[in-house]
Amino acid sequence: MANRTDPAAKSIRGTNPQNLVEKIVRSKIYQNTYWKEQCFGLTAETLVDKAMELDHIGGTHGGTRRPTPFICLILKMLQIQPEKDIVVEFIKNDDYKYVRVLGAFYLRLTGTDIDVYRYLEPLYNDYRKLRMQSADGKFVLTHVDEVIDELLTKDYACDIAMPRVKKRWTLESHGILEPRKSVLEDDFEEEEEKEENEQMDGVENGGNDEKDYHHGRSPTRERDRDRRPDSHRYRDRDYDRDYDRDRGRGRDRDRDRDRDRDRDRDRYRLRDEKDYGRERDRDRDREREGRDRERRGRDRGGGRRRSPSRSRSRSRDRKRRRSPSPRKNEAEETKKKEKKTSEKKEKKDDGTDHPDPEIAEANRIRASLGLKPLK
């Protein structure tokens with residue numbers, strides 16, 4: 001009995017008002033202790049006291065998806081269906097911000113499109129802070145205008161699906177809803193009046209000061225000057241002049257870019273040629289060193305096995321070197337004989353072959369000193 005809708009309640013959008021909350025969320029609320037203890041037997045009058053005790057908003061939270069007191073009171077309002085005047089008083093309450101958000105949320109679920117825009121859009125100017133409990137159980141900071149924007153623009157809020165409302169511009173086009181008027185529009189009108197008065201004062205002063213004249217020109221006057229019949233001619237001429245100048249700059253820029261590209265290409269080509277010449281000389285040096293290394297290895301023998309043909313040719317060369325020709329032998333023998341005779345003559349001239357050993361020794365000493373021998 002405690003969970004049934006009031007028999008005097010009217011159906012909203014063709015269904016039971018409590019059906020606006022999904023069944024799973026509804027069952028969670030029915031099992032919650034706050035619903036059983038605090039929301040039992042509430043009426044439209046006593047609901048205000050519970051709404052004033054709210055200190056945060058939110059849907060369900062935690063691993064078991066426990067509902068918050070805010071969403072429990074929303075379901076209670078759907079169950080008892082308070083009158084529209086009471087809900088409007090909730091929204092117009094400036095002292096308790098959570099009571100205002102509670103009334104705005106209920107009106108968004110049950111109100112018509114015109115009532116939603118008429119009563120919720122003025123709340124965009126309320127910038128007070130609110131505490132919201134997120135799905136993970138943590139509290140985050142938000143504002144009243146952010147909550148109102150979420151109610152008007154998003155499909156879900158506090159784990160409840162929002163009923164669809166028509167777009168504002170469609171209602172304005174049909175003449176059902178008046179265009180929205182900003183609260184700051186009066187301030188803008190006052191600023192425009194001040195600017196117009198300043199401009200008029202500047203014109204009355206005679207416009208002697210060129211700086212004040214330019215400062216006092218209004219956008220409408222500039223627009224009228226542009227609409228003169230000859231203004232487009234000067235504008236086109238200035239545009240053509242600027243276009244020609246930019247095109248000439250573009251040509252000079254392209255020419256400089258091509259010159260730089262050719263210079264870089266020549267530089268890279270010369271560098272590549274130098275690198276190629278160095279590599280070629282390096283390869284030649286490596287080949288020469290390899291040939292010298294092979295030649296040294298052949299000269300040493302290096303423990304390598306020689307082919308029999310090469311060993312035979314080398315043995316023949318050695319024999320040829322050892323057995324010279326007879327003509328060479330005769331020449332060498334004659335040279336040796338001449339050398340011996342010359343040595344004997346020298347010995348005889350030096351007096352070192354004297355039969356007396358003392359005189360021969362003295363002559364040997366005198367010959368070393370460059371003196372004449374003793375007879």
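**Chat: a hairpin, a sheet and some salt bridges**

Trainee: Which strands form a hairpin here, and how many residues are between them?

Mentor: Strand 4 and strand 5 form the hairpin, with five residues between them. In the turn, Gly137 has a positive phi of about 90 degrees. Strands (E, at least two residues) and helices (H or I, at least four) are DSSP runs, numbered from the N terminus.

Trainee: Where do these coordinates come from, and how are residues counted?

Mentor: This is a predicted model, in which local features need pLDDT of at least 70 and side-chain atom pairs count only at pLDDT 80 or more, while totals for chains, interfaces and linings use all residues. Residues are numbered from 1 along each chain as its sequence is written, and side-chain values use heavy atoms, leaving out hydrogens and water.

Trainee: New topic! How many salt bridges are there?

Mentor: A search of the whole structure finds eleven. A salt bridge is a side-chain nitrogen of Lys or Arg within 4 Å of a carboxyl oxygen of Asp or Glu. One of them joins Asp126 and Arg100 at 2.8 Å, N to O. That pair links distant parts of the chain, 26 residues apart: Asp126 is in the loop between helix 7 (113-120) and strand 4, and Arg100 is in helix 6 (residues 97-110).

Trainee: Is Asp126 buried or exposed?

Mentor: Asp126 is buried, at 8% relative accessibility, and Arg100 is buried at 9%. Buried means under 20% relative accessible area, exposed over 50%, and partly exposed in between (1.4 Å probe, protein chains only).

Trainee: What about Asp292 and Arg295, where do they lie?

Mentor: Both lie in helix 13, three residues apart, about one turn of the helix. Asp292 is partly exposed at 26%, as is Arg295 at 41%. Elsewhere, salt bridges with shared partners join Asp94, Arg100, Asp126 and Arg128 into one network.

Note on methods: Pairing = 2+ DSSP bridges.
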